[in-house]
Amino acid sequence: MMWSNFFLQEEDRRRAAAGRRRAQGLQQAGLTPEQEGKTKLALLLAAVGATLAVLAVGTEFWAELNTYKANGSAVCDAAHLGLWKVCTKRLWQADVPMGRDTCGPAELPGEANCTYFKFFTTGENARIFQRTTKKEVNVAAAVVAVLALVAVALGCLCIIMVLSKGAASLLRVGAVCFGLSGLLLLVSVEVFRHSLYALLEQAGPEPPPPPRLTYDFSWSLGCGLGAGLILLLGGGCFLLLSLPPWPWRSLCPKRGHPAA
(Lines give C-alpha, C1' and ligand atoms only; values in the text may rest on other atoms or scores of the structure.)
Protein backbone atom coordinates (compact mmCIF):
# COMPACT_ATOMS: atom_id res chain seq x y z
CA MET A 1 0.00 0.00 0.00
CA MET A 2 2.84 2.36 0.89
CA TRP A 3 4.61 1.64 -2.39
CA SER A 4 1.43 2.29 -4.41
CA ASN A 5 0.98 5.66 -2.71
CA PHE A 6 4.60 6.49 -3.42
CA PHE A 7 4.21 5.72 -7.13
CA LEU A 8 0.98 7.71 -7.36
CA GLN A 9 2.61 10.74 -5.74
CA GLU A 10 5.60 10.41 -8.05
CA GLU A 11 3.31 10.28 -11.10
CA ASP A 12 1.47 13.42 -9.90
CA ARG A 13 4.78 15.25 -9.47
CA ARG A 14 5.84 14.29 -13.00
CA ARG A 15 2.58 15.56 -14.49
CA ALA A 16 2.82 18.80 -12.54
CA ALA A 17 6.41 19.30 -13.68
CA ALA A 18 5.44 18.61 -17.30
CA GLY A 19 2.62 21.16 -17.06
CA ARG A 20 4.99 23.77 -15.61
CA ARG A 21 7.54 23.14 -18.36
CA ARG A 22 4.84 23.54 -21.04
CA ALA A 23 3.61 26.78 -19.49
CA GLN A 24 7.17 28.09 -19.23
CA GLY A 25 7.78 27.16 -22.86
CA LEU A 26 4.68 29.05 -23.99
CA GLN A 27 5.67 32.05 -21.93
CA GLN A 28 9.18 32.05 -23.31
CA ALA A 29 7.79 31.86 -26.86
CA GLY A 30 5.68 34.93 -26.12
CA LEU A 31 2.25 33.29 -26.44
CA THR A 32 0.21 34.47 -23.50
CA PRO A 33 -3.26 33.06 -22.75
CA GLU A 34 -4.82 36.34 -23.89
CA GLN A 35 -2.89 36.24 -27.15
CA GLU A 36 -3.82 32.59 -27.65
CA GLY A 37 -7.52 33.45 -27.36
CA LYS A 38 -7.19 36.29 -29.87
CA THR A 39 -5.29 34.01 -32.23
CA LYS A 40 -8.11 31.46 -32.12
CA LEU A 41 -10.66 34.16 -32.96
CA ALA A 42 -8.55 35.36 -35.88
CA LEU A 43 -8.17 31.76 -37.05
CA LEU A 44 -11.95 31.37 -36.99
CA LEU A 45 -12.26 34.44 -39.21
CA ALA A 46 -9.63 33.07 -41.57
CA ALA A 47 -11.41 29.69 -41.64
CA VAL A 48 -14.57 31.41 -42.92
CA GLY A 49 -12.53 33.03 -45.69
CA ALA A 50 -10.84 29.73 -46.53
CA THR A 51 -14.22 27.97 -46.79
CA LEU A 52 -15.54 30.64 -49.13
CA ALA A 53 -12.35 30.41 -51.19
CA VAL A 54 -12.65 26.64 -51.66
CA LEU A 55 -16.35 27.02 -52.52
CA ALA A 56 -15.60 29.70 -55.11
CA VAL A 57 -12.73 27.90 -56.81
CA GLY A 58 -14.54 24.55 -56.89
CA THR A 59 -17.84 25.73 -58.41
CA GLU A 60 -18.73 26.94 -61.89
CA PHE A 61 -21.14 29.79 -61.18
CA TRP A 62 -18.73 32.67 -61.66
CA ALA A 63 -20.72 34.13 -64.55
CA GLU A 64 -23.92 33.47 -66.49
CA LEU A 65 -24.41 33.98 -70.21
CA ASN A 66 -27.97 34.36 -71.47
CA THR A 67 -29.37 34.59 -74.99
CA TYR A 68 -32.44 36.64 -75.83
CA LYS A 69 -35.75 34.86 -76.08
CA ALA A 70 -36.83 34.25 -79.67
CA ASN A 71 -40.42 34.69 -80.82
CA GLY A 72 -42.09 31.47 -81.89
CA SER A 73 -39.59 29.24 -80.07
CA ALA A 74 -40.42 27.21 -76.99
CA VAL A 75 -36.81 26.96 -75.77
CA CYS A 76 -33.86 29.27 -75.20
CA ASP A 77 -30.19 28.82 -74.33
CA ALA A 78 -28.18 29.87 -71.28
CA ALA A 79 -24.78 28.99 -69.84
CA HIS A 80 -22.81 29.37 -66.65
CA LEU A 81 -19.06 28.99 -66.33
CA GLY A 82 -16.25 29.06 -63.80
CA LEU A 83 -12.51 28.54 -63.73
CA TRP A 84 -12.58 24.90 -64.81
CA LYS A 85 -15.69 24.13 -66.83
CA VAL A 86 -18.72 25.52 -68.62
CA CYS A 87 -22.31 24.28 -68.60
CA THR A 88 -24.75 25.14 -71.38
CA LYS A 89 -28.45 24.65 -70.72
CA ARG A 90 -31.54 24.59 -72.92
CA LEU A 91 -34.45 26.00 -70.95
CA TRP A 92 -38.16 26.13 -71.60
CA GLN A 93 -39.30 29.69 -72.15
CA ALA A 94 -42.40 28.93 -70.08
CA ASP A 95 -40.12 28.50 -67.03
CA VAL A 96 -38.41 31.86 -67.55
CA PRO A 97 -39.85 34.58 -65.28
CA MET A 98 -42.36 36.88 -66.92
CA GLY A 99 -41.02 40.25 -68.00
CA ARG A 100 -37.52 38.91 -68.61
CA ASP A 101 -36.22 39.48 -72.14
CA THR A 102 -33.35 37.04 -71.85
CA CYS A 103 -33.10 33.35 -71.03
CA GLY A 104 -32.28 32.27 -67.51
CA PRO A 105 -31.46 32.20 -64.74
CA ALA A 106 -29.16 29.23 -65.19
CA GLU A 107 -30.47 27.51 -62.05
CA LEU A 108 -33.74 26.67 -63.84
CA PRO A 109 -34.26 23.01 -64.76
CA GLY A 110 -33.34 22.10 -68.31
CA GLU A 111 -31.15 20.00 -70.56
CA ALA A 112 -27.58 20.65 -69.40
CA ASN A 113 -24.25 19.85 -71.04
CA CYS A 114 -21.18 20.45 -68.84
CA THR A 115 -17.62 20.11 -70.16
CA TYR A 116 -14.24 20.92 -68.67
CA PHE A 117 -12.12 23.47 -70.47
CA LYS A 118 -9.62 21.74 -72.75
CA PHE A 119 -6.93 24.40 -72.50
CA PHE A 120 -5.76 22.71 -69.29
CA THR A 121 -5.09 19.43 -71.13
CA THR A 122 -4.84 19.76 -74.92
CA GLY A 123 -4.44 23.54 -75.07
CA GLU A 124 -7.57 24.06 -77.17
CA ASN A 125 -9.83 27.06 -76.78
CA ALA A 126 -13.47 26.48 -75.90
CA ARG A 127 -16.44 27.56 -78.02
CA ILE A 128 -19.41 29.05 -76.17
CA PHE A 129 -22.33 30.36 -78.24
CA GLN A 130 -20.08 30.65 -81.32
CA ARG A 131 -17.55 32.66 -79.37
CA THR A 132 -13.99 31.59 -78.55
CA THR A 133 -12.34 31.82 -75.17
CA LYS A 134 -8.94 33.44 -74.71
CA LYS A 135 -7.15 30.56 -73.03
CA GLU A 136 -4.15 32.56 -71.77
CA VAL A 137 -6.38 34.76 -69.61
CA ASN A 138 -8.51 31.86 -68.38
CA VAL A 139 -5.45 29.80 -67.43
CA ALA A 140 -3.97 32.78 -65.59
CA ALA A 141 -7.15 33.23 -63.52
CA ALA A 142 -7.21 29.54 -62.57
CA VAL A 143 -3.50 29.37 -61.69
CA VAL A 144 -3.72 32.46 -59.49
CA ALA A 145 -6.74 30.97 -57.68
CA VAL A 146 -4.87 27.71 -57.03
CA LEU A 147 -1.89 29.66 -55.66
CA ALA A 148 -4.31 31.46 -53.34
CA LEU A 149 -5.53 28.11 -51.97
CA VAL A 150 -1.93 26.98 -51.44
CA ALA A 151 -1.24 30.18 -49.48
CA VAL A 152 -4.37 29.55 -47.39
CA ALA A 153 -3.17 26.03 -46.56
CA LEU A 154 0.27 27.30 -45.54
CA GLY A 155 -1.29 30.02 -43.39
CA CYS A 156 -3.52 27.50 -41.59
CA LEU A 157 -0.50 25.26 -40.98
CA CYS A 158 1.47 28.14 -39.48
CA ILE A 159 -1.33 29.15 -37.10
CA ILE A 160 -1.91 25.55 -36.05
CA MET A 161 1.80 25.33 -35.18
CA VAL A 162 1.47 28.55 -33.20
CA LEU A 163 -1.43 27.19 -31.14
CA SER A 164 -0.06 23.67 -30.65
CA LYS A 165 3.66 24.35 -30.21
CA GLY A 166 3.61 27.95 -28.96
CA ALA A 167 5.76 29.11 -31.90
CA ALA A 168 4.66 32.74 -31.80
CA SER A 169 7.29 33.61 -34.41
CA LEU A 170 5.11 31.90 -37.04
CA LEU A 171 2.29 34.40 -36.47
CA ARG A 172 3.89 36.83 -38.88
CA VAL A 173 4.43 34.09 -41.47
CA GLY A 174 0.77 33.09 -41.19
CA ALA A 175 -0.26 36.74 -41.53
CA VAL A 176 1.73 37.04 -44.75
CA CYS A 177 0.24 33.81 -46.13
CA PHE A 178 -3.36 34.83 -45.41
CA GLY A 179 -2.84 38.35 -46.72
CA LEU A 180 -1.20 36.99 -49.87
CA SER A 181 -4.03 34.50 -50.42
CA GLY A 182 -6.64 37.25 -50.15
CA LEU A 183 -4.74 39.42 -52.61
CA LEU A 184 -4.35 36.52 -55.05
CA LEU A 185 -8.08 35.76 -54.91
CA LEU A 186 -8.93 39.37 -55.74
CA VAL A 187 -6.46 39.25 -58.63
CA SER A 188 -8.06 36.01 -59.87
CA VAL A 189 -11.52 37.61 -59.79
CA GLU A 190 -10.26 40.57 -61.80
CA VAL A 191 -8.47 38.36 -64.35
CA PHE A 192 -11.61 36.24 -64.76
CA ARG A 193 -13.61 39.39 -65.39
CA HIS A 194 -11.25 40.31 -68.22
CA SER A 195 -11.47 36.77 -69.62
CA LEU A 196 -15.27 37.10 -69.76
CA TYR A 197 -15.02 40.39 -71.64
CA ALA A 198 -12.54 38.80 -74.04
CA LEU A 199 -14.97 35.91 -74.64
CA LEU A 200 -17.81 38.28 -75.52
CA GLU A 201 -15.60 40.05 -78.07
CA GLN A 202 -14.28 36.87 -79.73
CA ALA A 203 -17.19 36.31 -82.13
CA GLY A 204 -16.38 33.98 -84.99
CA PRO A 205 -16.75 35.20 -88.61
CA GLU A 206 -18.29 31.96 -89.89
CA PRO A 207 -22.09 31.78 -90.37
CA PRO A 208 -24.55 31.76 -88.76
CA PRO A 209 -23.93 34.99 -86.82
CA PRO A 210 -23.46 34.54 -83.07
CA PRO A 211 -26.50 35.24 -80.91
CA ARG A 212 -26.72 38.36 -78.81
CA LEU A 213 -25.71 37.71 -75.23
CA THR A 214 -26.05 39.30 -71.85
CA TYR A 215 -23.90 38.39 -68.88
CA ASP A 216 -24.26 38.46 -65.11
CA PHE A 217 -21.70 37.66 -62.44
CA SER A 218 -22.99 34.91 -60.18
CA TRP A 219 -22.62 33.71 -56.59
CA SER A 220 -19.32 31.83 -57.02
CA LEU A 221 -17.56 35.04 -57.96
CA GLY A 222 -19.22 36.73 -54.99
CA CYS A 223 -17.80 34.00 -52.74
CA GLY A 224 -14.35 34.58 -54.20
CA LEU A 225 -14.59 38.32 -53.68
CA GLY A 226 -15.82 37.89 -50.10
CA ALA A 227 -13.12 35.31 -49.38
CA GLY A 228 -10.40 37.65 -50.61
CA LEU A 229 -11.57 40.48 -48.36
CA ILE A 230 -12.01 38.23 -45.31
CA LEU A 231 -8.57 36.66 -45.76
CA LEU A 232 -6.99 40.10 -46.04
CA LEU A 233 -8.73 41.06 -42.81
CA GLY A 234 -7.58 37.84 -41.15
CA GLY A 235 -4.01 38.44 -42.28
CA GLY A 236 -4.18 41.94 -40.81
CA CYS A 237 -5.39 40.54 -37.49
CA PHE A 238 -2.54 38.05 -37.33
CA LEU A 239 -0.07 40.79 -38.21
CA LEU A 240 -1.33 42.94 -35.34
CA LEU A 241 -1.03 39.98 -32.97
CA SER A 242 2.57 39.40 -34.07
CA LEU A 243 3.65 42.95 -33.26
CA PRO A 244 5.33 43.63 -29.89
CA PRO A 245 3.00 45.10 -27.27
CA TRP A 246 5.20 48.02 -26.19
CA PRO A 247 4.20 50.48 -28.98
CA TRP A 248 0.53 50.10 -28.07
CA ARG A 249 1.23 50.49 -24.35
CA SER A 250 3.07 53.74 -25.00
CA LEU A 251 0.08 55.07 -26.93
CA CYS A 252 -2.46 53.87 -24.35
CA PRO A 253 -0.84 54.12 -20.91
CA LYS A 254 -2.61 52.47 -17.99
CA ARG A 255 -4.18 54.70 -15.40
CA GLY A 256 -3.21 54.12 -11.80
CA HIS A 257 -5.74 53.70 -9.04
CA PRO A 258 -6.40 56.93 -7.14
CA ALA A 259 -5.12 57.03 -3.60
CA ALA A 260 -7.74 56.66 -0.91
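Me: By class, which residues are in the lining of the second largest pocket?
Reply: This is a predicted model. In it, the lining of the second largest pocket has five nonpolar, four polar and three charged residues.

Me: What's the volume of the second largest pocket?
Reply: About 160 Å³.

Me: Which residues line it, the second largest pocket?
Reply: Val86 and Thr88 do, along with Asn113, Thr115, Tyr116, Phe117 and Lys118. The lining also has Glu124, Asn125, Ala126, Arg127 and Ile128.

Me: And which elements give two or more residues to that lining?
Reply: Those are β3 (85-92), β4 (111-116) and β5 (127-128).

Me: Where does the largest share come from?
Reply: From β4, which gives three residues to the lining of the second largest pocket.

Me: New topic. What is the phi of Phe129?
Reply: Phe129 has a phi of about 55°, a positive value, although Phe129 is not a glycine.

Me: Where is Phe129 found?
Reply: In the loop between β5 and β6 (131-132).

Me: Is Phe129 buried or exposed?
Reply: Phe129 has a relative accessible area of 14%, so it counts as buried, the cut-off for buried being under 20%.

Me: What about Gln130, what's its phi?
Reply: The phi of Gln130 is near 60°, which is also positive in a residue other than glycine. Gln130 is placed in the loop between β5 and β6.

How values were computed:
Residues numbered from 1 in each chain as written. Predicted model: local features only at pLDDT ≥ 70, side-chain atom pairs only at ≥ 80, totals over all residues. Heavy atoms only, no water. 1 Å grid on protein atoms, 1.4 Å probe; cavity = no way out; pocket = protein on both sides within 12 Å on 5 of 7 lines; lining within 4 Å. Points joined across faces, edges and corners; volume = space filled by probe spheres on them. Helix = DSSP H or I, 4+ residues; strand = E, 2+ residues; numbered from the N terminus. Nonpolar A, V, L, I, M, F, W, Y, C, P; charged D, E, K, R; others polar. Buried < 20%, exposed > 50% of the residue type's maximum accessible area, 1.4 Å probe, protein only.
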